[in-house]
Amino acid sequence: MDKTPLTKDGEKKLQEELRNLKLERPKIIKAIAEAREHGDLKENAEYHAAREQQGMNEARIKDIEFKLGNSEIIDNKKETKNEVI
């Protein structure tokens, strides 16, 4: 599989987003637990919203981890120097 080029700045931004998403996990779990206490889960909109948020959060975490794991850090300045103006 070919590596995807990623600048150092891009890598830093993805790592920061990943850290923030992982910090959201406990908050989402707490929201699910609180919504569960309201009773019947079939018609519990808070519960379903929290579960949907959890799914989106986890999907984004996996996406970022995949990108970081399959990337090649490039030096954007080197690429620019080789271009003819």
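What covers the buried residues of H1? In this predicted model, the cover includes strand E1 (4–7), helix H2 (45–69) and strand E2 (71–74). Helix H1 itself runs over residues 8–36, 29 residues in all. From its first C-alpha to its last it reaches 42 Å, close to the 42 Å expected at 1.5 Å a residue. Still, H1 has a kink of about 30 degrees at Arg25, shortly before the proline Pro26.

Now for the residues tucked away. The buried residues of H1 are Gly10, Glu11, Leu14, Leu18, Leu21, Ile28, Ile32 and Ala35. An α-helix has 3.6 residues a turn, so residues three or four places apart point the same way. Leu14, Leu18 and Leu21 are among the buried residues of H1.

Glu11 deserves a look of its own. This residue of helix H1 counts as buried because its relative accessible area is 16%, and buried means under 20%. Setting aside neighbours within four places in sequence, Glu11 is in contact with Leu6, Leu68 and Ile73.

In soluble globular proteins, nonpolar side chains tend to be buried together. Here, the largest nonpolar core is made of six residues: Leu6, Leu14, Leu18, Leu21, Ile61 and Ile64. H1 and H2 each supply at least two residues of this core, and the largest share, three residues, comes from H1. Leu21, for one, touches Asn57, Arg60, Ile61 and Ile64, again leaving aside neighbours within four places in sequence. Apart from this core lies another, of five residues, with Ile32, Ala35, Tyr47 and Ala50 among them.

Technical notes
Residues numbered from 1 in each chain as written. Predicted model: local features only at pLDDT ≥ 70, side-chain atom pairs only at ≥ 80, totals over all residues. Heavy atoms only, no water. Helix = DSSP H or I, 4+ residues; strand = E, 2+ residues; numbered from the N terminus. Expected span 1.5 Å × (residues − 1). Bend = angle between axes of the 7 residues up to and from the residue. Buried < 20%, exposed > 50% of the residue type's maximum accessible area, 1.4 Å probe, protein only. Contact = heavy atoms within 4.5 Å. Core = buried A, V, L, I, M, F, W, Y, C linked by side-chain atoms within 4.5 Å.
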